[in-house]
Structure formats: C-alpha cells, structure tokens
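Hello,

Here is the structure we talked about. Please open it alongside this note; my findings follow below.

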Amino acid sequence: MKKDLKLAPSKPYPMGVTRTENGIRVCAPFAQNKNCGIVLFEKNDKKGTILKFSEDMRYGRVFCAEISGDTDKYSHYMLFNGKHMFSDPYAKYVDGLSKWAKNVDESEIRCRIDEEPYDWGADKKPATKYEDSFVYTLHVRGYTKSPASGIDTKRRGTFAGLCEKADYIKSIGVTAIELMPCYEMNVLDTTLGRSSNAGNMPEGSMTLSAGKDKNVMYSENGSLKNASTVRHKINFWGYKKGFYFAPRTSYASNPAEADIEFKDMVKLFHKKGIEVIMQFYFEETETEDMILSSIRHWVFDYHIDGVHLKGNSQAPAIIAADPSLCDTKIWYYGFDYGKLHASYAPTVRTLGEFTPDFLYATRRFLKGDDNTLGDFLKVMLNNKHEAGIVNYICDYQGFRLADLVTYEHKRNELNGENNTDGENNNLSWNCGIEGKTRKQSILSLRSKQMKNALTMVLLSQGTPMIFGGDEFANSQDGNNNPYCQDNPTGWVDWNMATKPLGIELTEYVKFLTKLRFKHRILHESKPFKLMDYMACGYPDLSYHGIEAWRPDLSNYSHSIGMLYCGFYEKEEKDQDFFYVAYNMHWTPVSFALPKLPEGMKWKLLSDTESSESEKHVHTLKNQDKIECAERSVKILVGVGTPVKKATPKERKKK
C-alpha cells in the first residue's frame, strides 16, 4: 500500500465502489475471507496499487472499507481474492468490452470508479397505463446495424442509432420500446468450453493464467482444453449473466460515454411520450441483493420505466415487493397476486403478464385449425384487474411475422446445430409454397394473413406488442432462433420498409393504432362482462355469425363477428359501435349484421382483402349483412346520432 493512502472500516451496503468526500468507498463480496482487497489503477497504469483489507472490515463474506488520501488520481479498479483478480459484479461501468465480439480476457477488463454526471432536466416518465400502451420490442444492435437503416456507420447498432428511429417508432403509434439485454457482458461464448466472461465466473474465481496463454481453455469438467477444438459463438441476444449495473459499451457510438448515450436515449423517448422497458436475465442462483440493487440502479439512475424479467423465478416477487419500485412496470410469466397484494394493493396496474397464450391461440386460428375459436375468443378478451396482459403473435423467439406465413419448417442450419435448435412446433402456414416465391396469388395471401395477424394483436383487449421490423415484413429467412446471428439474418432489413408490401403493412399498423387509441371501447381497462348491464339493448361485447346474435361456436367454426357497443362509454364522442368480422375459413362467409340503434348506419372502415384501409370508407348499401372473403377480416363502424326513445316515465307525462 502506498503511504499516502489509508484504509478504514466502513458500514456495509450499498455494494460497489464509489467516491466520497473523504476518498473512495469499497463494499464488495468475496469467495474467501482471507487475502481480499482492491487494486487501484491510474490512467494507463497496468500494474496498479494493491490495497489489502483487514479483518475488522469484514461482514460475513463482504468487505467494506473507505480509502482516504490522494485518491483522485485513480480512475479504475479491480478486486482480488488470493492470487485471483476479478471484476466487481456491482461495477457501474466496465471498460474493455467495447469492441463487439472480441474475446476479452479478465486481465484486460477494468472497472471504472466514476460515473459521469448527467442533467436530466425536466425529464418525466410517461407512466402510460397498460390499456393505453403499444409495445415495440427490439434488439438495439440488430435494429439499426444494417446499412439499409440509413444511419451513419459509426452510429449503426447503437443507442444513438436507435434515437434516429425515434420519430419513426412514434409515427406507428408505439408507446413503449422493450430492449433486449443492454447490460454489459462479453458476447463471445463457446458451445463446448466455458467462456472467459467475467460475468459467468463465480466471485474471485478468475485465474489470470488464461490471460497468459490464449490457447488454454477449460472444458465443462474443469480440465484444460485446446482452444482450437472449441467453437466460438457470438451471444447476439445476450440472455446470460453479466455486469448488471453497467451499460453495454459495444452498443454506444462513443464507448467511453455509454452511460450518457443510454440516458440521452431514455430522455429522448420520454420526450416523445415513449416508455423504455429493459430485459434482464438472472440465473436461478443469483442473489436477492444483486437482483434488487441492479433494478433499482436502472430505475433510479437511468430512469427506465420497467423491466421484463427472464430466468430466476423469484426475481419478480423480489422486485414487486420493493415499495420504491411499486410504480415500475414488471413483466414476467405470472405472479402470485394474493401474496404480492396482501399488504399493498396498487391503484394502478404495474405488473404485466407476458405469456405465449395469445401467440398459440391466434396462430392456430389464423392458419385455420379446427377447435380453435374458443381459445381465440378467450385471449382476445383476456384482461385482468390485477395486471396488464401483453399480447403478441411474434416475439424475438420463433418466426418473424413474414416467416410465419412463408415457412412451415425452421431453417436454422446457419446456427451450427444441425437444425436441432429452436422451436419445432411453430404453428405456421406457408400459404401453399414453402419459402420465397414470385407467385402473386401466394404473395397476396401472405400479405393478407400478416394483416389478419396484426388486426388480432392490435384489437385485443390486452396490451399489444410487435417485434421491431414485423410491421414491414422483415424476414429472417426461416431461422426461428437466430441467437448467434450477428449478420443480415439477425438484423432488421430496412429495405423492406420502402417496398410496396412494407409500406402497405406499415400504413395498416398506423391505421390500427389510430383506431384503437381513438376509441375507448377498443382498449378498455376492465374486462368485458358480455352482458347488457346498462339495459341499453346491447351487451358491452357480443358475438355473431351467419345469423346475428347466434354465433357458431362449434369445434369446426372458423369465423366470428364481434360487436363492441359504445354506449358503455361515458363520453358521447366514444359511443361508436364497432363490428369486426373474422373469417379464417378457406371459403367466403356472409355475416348477418346486428341492427344498430335508430339513426345509426354501418360503414366499412377496413378490409384485409383490400390493399388499402380507411381510404375508401363508405356506408354499406346493405345494412343487414356483409360478405367476408376467405381468410380476411373486416372492420365496420356504426356512425350517426342514435334517436333517443322516451322512457316509460316520459311517455306517461305526455
């Protein structure tokens, strides 16, 4: 230890290394209780200054100390336990991993002490309710990495590059972006050996021998293995343990200011009324403190609006039980509401169920399977008092929307696993020809099926979600698991956004989002009762078929008409009627239309059989029925001022 530095015991927690008025405070966990300490580094200093902790600084396996003296000159640090030097799992900034896909040894990594100050100004979280939300999931690198994105080379695949797409994202009606993992990690993995990623190693276990000999690697049982026999892969998606407090420097146009760039991104999207949701993967063995502290860090310091949790089954309850995070959105597969709300019942829904139920039901109904209508109706109406329901027909896993109607079998050979990886049961239909084709009838059917799918998602009563690029038919060429594809397969092809099909689909999404959020009846906060509980002559929602009020709900039915009654809305401007006819049968169906209140008439708003929506809105000549082409969806609106009938009391007065 240098004479100008002094160590003194400090109180435990919060974990990590930070500057104080007196110097530098250290609080870190160690695998062993002996020979523990910190190595401080000045700029361009490779050797460092070693400081060893004493027993009176120990609390269990945690050592806490305050370093005073001439500490300003030190900018980085590492921890050590015996002869093993390792990165601080609580580090808020990690240098050395900024070059994408470079196999970085632990000895080349440094934890940064200082966080750059940031002026949030008047930043305000949108706090959008689930019923008013439309989620857009994306991979930060993959979304703008393609040259077709139109973004400057240096900014492609970065937080700054994503900012350049903010106006476009806003234009299609998005209220929240969901980011696949953006916390720091070494993205280069091996399928046979163990990666030299610090995030994957137990505390204090990283030996420096790997840094001396890059050909030495460990096999699963710990024996040495020659690196030439190990296949390296890029963990493009990033669902793994990492540095949970640090932003991904390889996602920054200026890696030295990745934290600033990320905050700029959040601030910009907030200004446009768009929330930022982050995905986190925690292993089942992850500590409660690591989970809770890291989420608090991103919510408090980075102003994110919510988290989508993966992996650890206890993480949702841990975070949801924290009073300081009670207004933060938390997404997971499901929750124990009785336990979570036993002592505190939130007035606004913050929990969100992210399950594949909607995906399974709508895909089966979309492709015309028997015995699917009941499940389709259930997921279309699924809405809970306790939590939001996030509905999607395509996520990052599985086929893209364009591939869902193009392939019946996955094409994952490029992943190097002999096509054994990825989901086999995709519930997809190729519309008659497997893969790409020039046959116009097939292309038209595929376009119609994509619009049908988007209609189902955006007119569902839960919170709709699509994956970035699906709105203009971005394809992964049938690869339904491109977890390692950092190439055009895994990138969004923005060329598709300028092609006729891409433009048509994007415009249709804009039409649907505008329609959904303009009319409260199409995005209710509470579940429908399917009853005429206002005695207005119509249930809030009712089902119809070839006969009005008599839907065919049999196992072999592939069509349904859904009538939304606007009388249940308080504001007169919201009291329109809507009728949505879904015909997933391979033959046309004639739907009998229910009678509207006197003074109102049915108008056709949209037909997925047509290439244009809302441009040719017209009053139906026949107000009694409507013809719906095979595998298509029609949206009707009842317009006009209903004639108010006198009540029995009013008639008696007359």
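Leaving out residues up to four places away in sequence, which residues does S590 touch? They are I546, K625, I626 and E627. Keep in mind that this is a predicted model.

More on S590. This residue is found in strand β29, which covers residues 589-592. Its side chain makes a polar contact with the side chain of E627, at 3.1 Å. C628 is 38 residues away from S590 along the chain, yet their C-alpha atoms are separated by 6.0 Å.

Now the whole chain. The chain has 14 helices and 33 strands. Of its 654 residues, 57% count as buried. The accessible surface comes to about 28,400 Å², and carbon and sulfur atoms hold 50% of that. Take the contacts with a separation of 6 or more: residues 24 or more positions apart account for 72% of them.

Next, a sheet. Six strands form an open sheet, in the order β26-β27-β28-β33-β30-β31, with antiparallel pairing. At the edges are β26 (541-544) and β31 (618-619), each pairing on one side only. Inside the sheet, β28 (residues 577-583) and β33 (residues 632-640) run antiparallel and are joined by 7 bridges. F577 has G638 as its bridge partner in β33.

Two helices lie across this sheet's strands. Helix α10 (residues 373-381) lies across β26, β27 (559-564) and β28, at about 25° to β27. Helix α12 (residues 440-458) lies across β28 and β33, at about 50° to β33.

Last, the cores. The largest nonpolar core has 124 residues. Which of them touch the most other members? They are L162, I169, I177, L179, F262, F280 and Y582. Helix α12 gives the most to this core, with 8 residues. A second, separate core has 34 residues, including A28, M78, L79 and I109.

L179 is worth a click. Leaving aside neighbours within four places in sequence, L179 is in contact with L138, V140, L162, F262, M265, V276, I277, M278 and Q279. Two of these, L162 and F262, are also on the list of core residues that touch the most other members.

Best wishes

Terms used. Residues are numbered from 1 along each chain as its sequence is written. This is a predicted model: local features need pLDDT of at least 70, side-chain atom pairs count only at pLDDT 80 or more; totals for chains, interfaces and linings use all residues. Side-chain values use heavy atoms; hydrogens and water are left out. Two strands pair if DSSP finds at least two bridges between them. Helices (H or I, at least four residues) and strands (E, at least two) are DSSP runs, numbered from the N terminus. Contact means heavy atoms within 4.5 Å. Axes are lines fitted to C-alpha atoms, for helices over the stretch in contact, and angles run from 0 to 180 degrees between N-to-C directions. Buried means under 20% relative accessible area, exposed over 50%, partly exposed in between (1.4 Å probe, protein chains only). Accessible areas come from the Shrake-Rupley method with a 1.4 Å probe; for residues, only the protein chains shown count as cover. A nonpolar core is a set of buried Ala, Val, Leu, Ile, Met, Phe, Trp, Tyr and Cys residues joined through side-chain atoms within 4.5 Å. A polar contact is a pair of N or O atoms within 3.5 Å; within protein, one must be able to donate a hydrogen and the other to accept it, and residues adjacent in sequence count only if both atoms are side-chain atoms.
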